[in-house]
Amino acid sequence: MSKEENSNYIEMHADLAVENKGFDQEGEDGSKPAEGDGETASVQLSAFESADGLSELDYTQIKPYAGMPKEVLLQYSTQACYRLPREILFWFTVLCTLVLLAVTATIIALSPQCLSWWQSSPVYQIYPRSFQDSDQDGVGDLKGIQNRLDHFVYLNVKAVWISPFYKSPMKDFGYDVEDFREIDPVFGTMEDFDNLLSSIHDRGLKLIIDFIPNHTSDKHVWFQRSRNGTEKYKDYYIWKDCESVNGTVTKPPNNWVSVFGNSAWQFDVVRGQCYLHQFLKEQPDLNFRNADVLKEMTDVIRFWLEKGVDGLRMDAVKFILEAEHLRDEPQVNPEQNPDVIRFWLEKGVDGLRMDAVKFILEAEHLRDEPQVNPEQNPENITSHSELYHDYTDSQVGLHVILQGWRQVMDEYSTEPGRYRFMVTESYDYEKIGRTMMYYGTSFVQEANFPFNFYLLDLPESLSGRACYDLVKLWMSNMPKGYWPNWVVGNHDNPRIASAVSRKYVNVINMLLLTLPGTPTSYYGEEIGMENIAVSEDQIQDPFGKFDPSENRDPFRSPMQWDSSPNAGFSEANKTWLPVHPEYQTCNVMMQRNDSSSPLTLYRTLTALRESELPLHRGWVCLVWSDADIFAYVRELDGLSTAFLIVLNLGNGSITDLTGVVPELPREASVRVSTLSGSMKTMSLAAIKTETGEGLVLEYHTREPIHEVSRFRENCFVSEKACYFSALGILYKNC
């Protein structure tokens with residue numbers, strides 16, 4: 001800057017200066033500048049040449065003003081009256097940040113784990129042949145499912161499970177897989193699957209598919225190479241020498257029987273040996289003692305996880321391994337009577353002496369001791385129920401395989417919101433301990449849960465007490481801290497409306513949707529679909545062809561969408577199974593317009609379950625059961641709101657629960673009823689219910705039932721959490 005420019009610059013700023021006595025500063029000698037010296041402001045200027053040749057001005061006693069140069073700002077920012085507030089504000093901000101971080105960390109540490117998608121929503125099972133046909137061939141397909149996705153949104157259901165759609169000869173409708181990486185043309189193409197999966201995720205839904213590890217189709221390339229003796233594939237299946245005449249087995253390796261009946265061994269004329277099939281002869285069992293087979297099937301899991309599926313249902317897992325020694329399985333004693341104890345107690349005896357009890361478990365589980373009867377003719381054993389299956393299911397090593405698959409799924413669960421779910425299917429009947437083993441251990445996780453099929457027995461002895469027994473059976477045997485689940489119907493079992501009666505559809509759906517854990521609904525249960533009638537000459541189910549009394553076709557009829565021809569399922573002239581003749585009075589469209597329909601109730605209950613904390617993660621206390629009534633309480637620590645569910649599974653009844661549970665209030669409000677026109681409040685001293693009626697009663701209390709000592713054996717919780725009302729949050733370790 002030139003001297004002339006510098007002079008003009010100083011004069012300009014001097015003209016802008018104003019008298020500001022409050023900002024006067026003392027000189028170096030402690031004196032103050034004189035007043036009234038005739039100048040507008042006393043300005044002391046010292047110019048120093050900077051490194052780049054520019055002058056740096058030293059301002060003093062100039063009042064701060066808008067647009068001031070940084071030199072003026074810096075002059076005043078170092079004064080205590082400005083510096084001290086800044087430092088206080090800075091350290092206050094730091095302190096607040098640390099407190100906020102500490103509070104956040106504490107809340108995270110104390111908060112229970114958020115429920116995953118497979119815990120917070122019901123699972124809806126689709127049998128793809130019967131859900132929706134999009135190409136007018138009379139068979140449901142993947143595009144059809146995609147066209148009906150809004151139905152799940154309407155139901156408040158966020159998890160969809162689709163039964164097999166793999167390429168298959170359809171000897172067992174998709175459970176005989178020819179290629180695990182291809183879609184069968186009857187259901188569409190891989191592009192159709194990708195579009196379906198994308199649409200499911202766009203709606204915030206999750207997809208579970210079937211994984212069938214035990215066997216393949218005999219058309220699978222692995223089996224073809226195995227029977228031809230291709231070196232790598234020789235032991236992909238279980239081959240043993242046997243005797244045959246003209247291709248018919250005359251002396252199988254042992255007496256093992258297929259689930260579908262008759263010998264589990266089939267002679268192959270190409271290889272000249274018998275192969276094992278625990279289901280149809282067209283479904284040869286894989287040999288999982290061969291490491292290559294295990295790797296192949298693990299790669300199949302990876303294939304579908306990389307596709308983006310959210311979960312896998314592991315089909316028929318208990319059959320994966322067989323005993324290597326191939327001993328004959330012991331025969332069931334047809335004269336054995338498991339109800340002897342009950343018989344004598346009902347007779348009125350006062351006591352029983354249990355003789356030689358130390359041998360009980362050996363007789364049940366250690367069946368290596370019975371000697372094989374060399375005279376036993378395997379041809380005389382034709383039914384799966386005639387043998388104890390000690391060597392063909394639940395073998396040592398099974399859970400190691402499942403745990404390995406769980407670890408693979410965990411590899412794909414690291415992305416937020418993309419947890420991969422695993423459920424196992426195993427009908428273990430009275431051996432519930434075996435079922436519980438699929439949960440894994442506290443050290444090694446296995447399935448998220450094994451399917452709970454015990455409520456499928458409810459129609460056999462429908463009553464409040466029987467329902468209580470079945471619910472308690474699962475909850476009392478389930479390992480602590482694990483998640484329960486409930487199933488009342490599927491593609492292998494009669495529909496509940498036919499197994500008992502249509503009048504019980506609503507109350508059983510209320511049971512399903514108000515118990516703790518994950519409910520699984522079979523398609524059509526939300527509207528109360530019934531079985532269809534199928535004559536013997538129309539049977540398509542392979543199990544039904546062997547034994548017509550076991551035919552599963554009646555449970556798999558087309559979904560009833562509306563009153564149009566074929567119930568809106570298909571525009572084809574003929575559907576693969578007949579539509580129920582009463583579809584015009586029982587369909588989705590009609591029930592959507594009826595406030596008292598099963599569909600409306602189902603939707604109401606799913607919304608209630610989602611919105612009320614005690615219903616989807618609280619305690620369950622089984623407080624009462626008799627021949628007619630099953631009642632239980634759902635409550636959450638720290639939350640005054642609780643729910644009493646009263647289900648009538650027998651005859652009309654008036655129940656006084658205040659007598660047996662005095663901790664309950666005298667009255668409760670009716671939140672949901674399976675019958676229209678119910679009262680808004682109800683006395684708990686006289687709860688009147690009709691046959692098939694269910695009630696969800698809401699009340700407020702400070703005396704949780706699960707803290708009452710006499711109910712502790714009947715109260716269960718999976719993931720304990722407490723509600724902190726002041727902040728409206730959940731915390732654990734309460």
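The largest cavity in this structure has a volume of about 60 Å³. A cavity here is a set of points, on a 1 Å grid over the protein atoms alone, where a 1.4 Å probe fits but cannot get out, and the volume is the space filled by probe spheres set on those points, with grid points joined across faces, edges and corners. Keep in mind that this is a predicted model, where local features need pLDDT of at least 70 and side-chain atom pairs count only at pLDDT 80 or more, while totals for chains, interfaces and linings use all residues. Residues are numbered from 1 along each chain as its sequence is written, and side-chain values use heavy atoms, with hydrogens and water left out.

Back to that cavity. Its lining residues, those with an atom within 4 Å of a point, are W483, P516, G517, H616, R617, G618, R634, V717, S718 and E719. They divide into three nonpolar, four polar and three charged; Ala, Val, Leu, Ile, Met, Phe, Trp, Tyr, Cys and Pro count as nonpolar, Asp, Glu, Lys and Arg as charged, and the others, Gly among them, as polar. In total, the structure holds three cavities of 30 Å³ or more.

Now for the cysteines. Taking a disulfide as a pair of cysteine sulfur atoms within 2.5 Å, you get two of them. One joins C621 and C715, with the sulfur atoms 2.1 Å apart. The pair ties together distant parts of the chain, since C621 sits in strand β18 (residues 619–625) and C715 in strand β26 (residues 715–716), 94 residues apart. Strands are DSSP runs of E, at least two residues long, and helices are runs of H or I of at least four, both numbered from the N terminus. The torsion about the S-S bond of C621 and C715 is about 120 degrees, so this disulfide is right-handed.

The other disulfide is C242 with C274, sulfur atoms 2.0 Å apart. C242 lies in the loop between β8 (239–240) and β9 (243–245), and C274 in strand β12 (residues 273–276), 32 residues away. With an S-S torsion of about 85 degrees, this one is right-handed. C242 and C274 are both buried, meaning under 20% relative accessible area, with exposed over 50% and partly exposed in between (1.4 Å probe, protein chains only). C621 and C715 are buried too.

Elsewhere, C96 is partly exposed at 37% relative accessible area, and C114 is exposed at 66%.

Finally, an unreviewed UniProt entry lists residues 88–110 as "transmembrane region". In the model that span is 100% helix and 0% strand, its end C-alpha atoms 33 Å apart. UniProt positions follow the numbering used here, feature names are shortened, and annotations may be inferred rather than shown by experiment.

Terms used
On a 1 Å grid over the protein atoms alone, a cavity is a set of points where a 1.4 Å probe fits but cannot get out, and a pocket is an open set with protein on both sides within 12 Å along at least five of seven lines; lining residues have an atom within 4 Å of a point.
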